[in-house]
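Colleague: I've got a model open and I'd like to learn how to read its side chains and helices. Could you walk me through a few features?

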Amino acid sequence: MSTLTTTRSFLTEDFLLQTESARLLYHEYAHEMPIIDYHNHLPPQEIAEDKCFDNLTQAWLYGDHYKWRAMRTNGISEDFCTGGKSDYEKFEQWAATVPYTLRNPLYHWTHLELKRYFDIDELLSPSTARSIYEECSAKLRTPDYSVRKLLSKMNVKVLCTTDDPVDSLEYHQAIADDGFEVRVLPAFRPDKAMAVDNPETFNQYVARLEKAADTSIENFNHFLDALKNRHDYFASKGAQVSDHGLEVIYAEDYTEAEIKGIFTKIRDGHTLEQTEILKFKSAMLVYFGIWDWEKNWTQQFHLGALRNNNSRMLRQLGPDTGWDSIGDFPQGRSLSKFLDRLDSNNQLAKTILYNLNPGDNELIATMVGNFNDGSIAGKVQFGSGWWFMDQKDGMERQMNTLSNMGLLSKFVGMLTDSRSFLSYPRHEYFRRILCNLFGQDIDNGELPRDYEWIGKVVQDICYNNAKNYFRF
């Protein structure tokens, strides 16, 4: 442990860059590219208010279930994760955990964030915890470290938050009115409008939708009209993407009469049969997909998470607190049917598919090729390594699979999928891994030593492809 507490950071300029070509590609082509973060969970209110955090724990540990999972695994009580201990006590336990995260991406991310935001080149450990905490917290309390300055510091040009159809988007409007240099756009996430598994919860949501759309919902047509109203409203506030977090794509056969009857049944408070739930969700995905196509939006699907496995902790803490895992759901047939259902009527929007189970990599990589029709480069995308796959091995596997079965050169690249304003070095992490893949191939003699062309491809994946694809 003594070495870990005294050694300065391992993060040299050539971190993760294993060959001379990799180093050239990163430093001369990738390093200075701006960032488009087209999917994250940042709170727009904090951007609108240009929040300054009181301390490093608030900026770094609040809401970060990646860190909480590591702390729990290290034997740290929940009191120091989501519980009532003081902010410094929580940070102290995180600092005690970090030396044990060797070979976990948290070890890399932690030290990248300390170095890039705070110019701290020490390893975080119990012996450095107090000094690092005090230095970072003091900086965070200054205007130079407000959330807007943090975004600007990382050269972020566009970010898309994740927003429910009933959200007012008042903070997005406030940010736009301020003329903030970073475009902060909403993304339409209608998962709750499909969640008919529980009648009480669904009907409570419909009541919120009525209020947001300023309408009365008496039947299914009214329900669709209200959601379409909100979809239009999101577009008026700059939205150009939607997002869905699903175990699988739903693609059951249904009739309009069936969906109307199912809606009436659940509005009357009755529990639906499983087949009715699947039919309703299938229908809603089609409606959402058509609306996205009409507006030339991009629809995103995050598939394969097995959520809320620990029922005791779900009752105690609620969702999104670190009790989720990779699922082993069959994806292929329903995904094909859904995409074909829209494509057969020429109503398939630009689509990004993210799979959480790496066993589905080849399935997704080949599926996107079935619906890339030449109308736009990379119309259907195999999305970047997501969640548990958002690490070196996961990124490499995703990019290697895409290279083998599609066109990596048309990939729209990285996103943060984060709730933290300190997560943007993940783009640097991705870019270093990308350049290392190309660099190794060049120096192995598997690609030409054409740095100008390959450098352009690298820049496209880092930024230009996303800019053109989303029309930002």
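Modeller: Happy to. Let's start with charges and rings: a charge sits over a ring if NZ of Lys or CZ of Arg is within 6 Å of the ring centre and within 35 degrees of the ring normal. Keep in mind that this is a predicted model.

Colleague: Which ring does the charged end of Lys350 sit over?

Modeller: That of Tyr469, with the charged end 5.3 Å from the ring centre. Arg426 does this too, with its charged end over the ring of Tyr66, 5.2 Å from the centre.

Colleague: Now rings with rings. How many aromatic pairs are there?

Modeller: Rings pair if their centres lie within 6.5 Å, and by that rule the count is 31 aromatic pairs. Take Phe220 and Phe223: their centres are 6.2 Å apart with 35° between the planes, a tilted pair.

Colleague: Why are Phe220 and Phe223 separated by about one helical turn?

Modeller: Because they are three residues apart in helix α12, which covers residues 220–236. Phe220 and Phe223 are both buried.

Colleague: What about Phe223 and Phe280? Why is that pair called tilted?

Modeller: Its planes are at 35°, so the pair counts as tilted; the ring centres are 6.3 Å apart. This pair links distant parts of the chain, with Phe223 in helix α12 and Phe280 in helix α14 (residues 274–294), 57 residues apart. Phe280 is buried, as is Phe223.

Colleague: Which residues do ring pairs link into a cluster?

Modeller: Phe202, Phe220, Phe223, Phe263, Phe280 and Tyr287.

Colleague: And how do I read two packed helices?

Modeller: Two packed helices are described by the angle between their axes and the distance between the axes. Here, helix α13 (residues 256–267) crosses α14 at roughly 115°, and the axes come within 10 Å. The crossing is left-handed.

Colleague: Which residues make the contact?

Modeller: From α13 there are Glu258, Ile259, Ile262, Phe263 and Lys265; α14 brings Glu276, Lys279, Phe280 and Ala283. By class, that contact has five nonpolar and four charged residues, with no polar ones.

Colleague: Last one: is Pro358 buried or exposed?

Modeller: Buried means under 20% relative accessible area, so at 17% Pro358 counts as buried. Pro358 is in the loop between β9 (350–355) and α17 (361–369). Leaving out residues up to four places away in sequence, Pro358 touches Ile326, Met389 and Arg397. Gly394 is 36 residues from Pro358 in sequence, yet their C-alpha atoms are 7.6 Å apart in space.

Terms used
Residues are numbered from 1 along each chain as its sequence is written. This is a predicted model: local features need pLDDT of at least 70, side-chain atom pairs count only at pLDDT 80 or more; totals for chains, interfaces and linings use all residues. Side-chain values use heavy atoms; hydrogens and water are left out. Rings of Phe, Tyr and Trp (its six-membered ring) pair if their centres lie within 6.5 Å; planes under 30 degrees apart count as stacked, over 60 as edge-to-face and the rest as tilted. Helices (H or I, at least four residues) and strands (E, at least two) are DSSP runs, numbered from the N terminus. Buried means under 20% relative accessible area, exposed over 50%, partly exposed in between (1.4 Å probe, protein chains only). Axes are lines fitted to C-alpha atoms, for helices over the stretch in contact, and angles run from 0 to 180 degrees between N-to-C directions. A crossing is left-handed if the near helix is turned anticlockwise from the far one by less than a right angle, and right-handed if clockwise. Contact means heavy atoms within 4.5 Å. Ala, Val, Leu, Ile, Met, Phe, Trp, Tyr, Cys and Pro count as nonpolar, Asp, Glu, Lys and Arg as charged, and the others, Gly among them, as polar.
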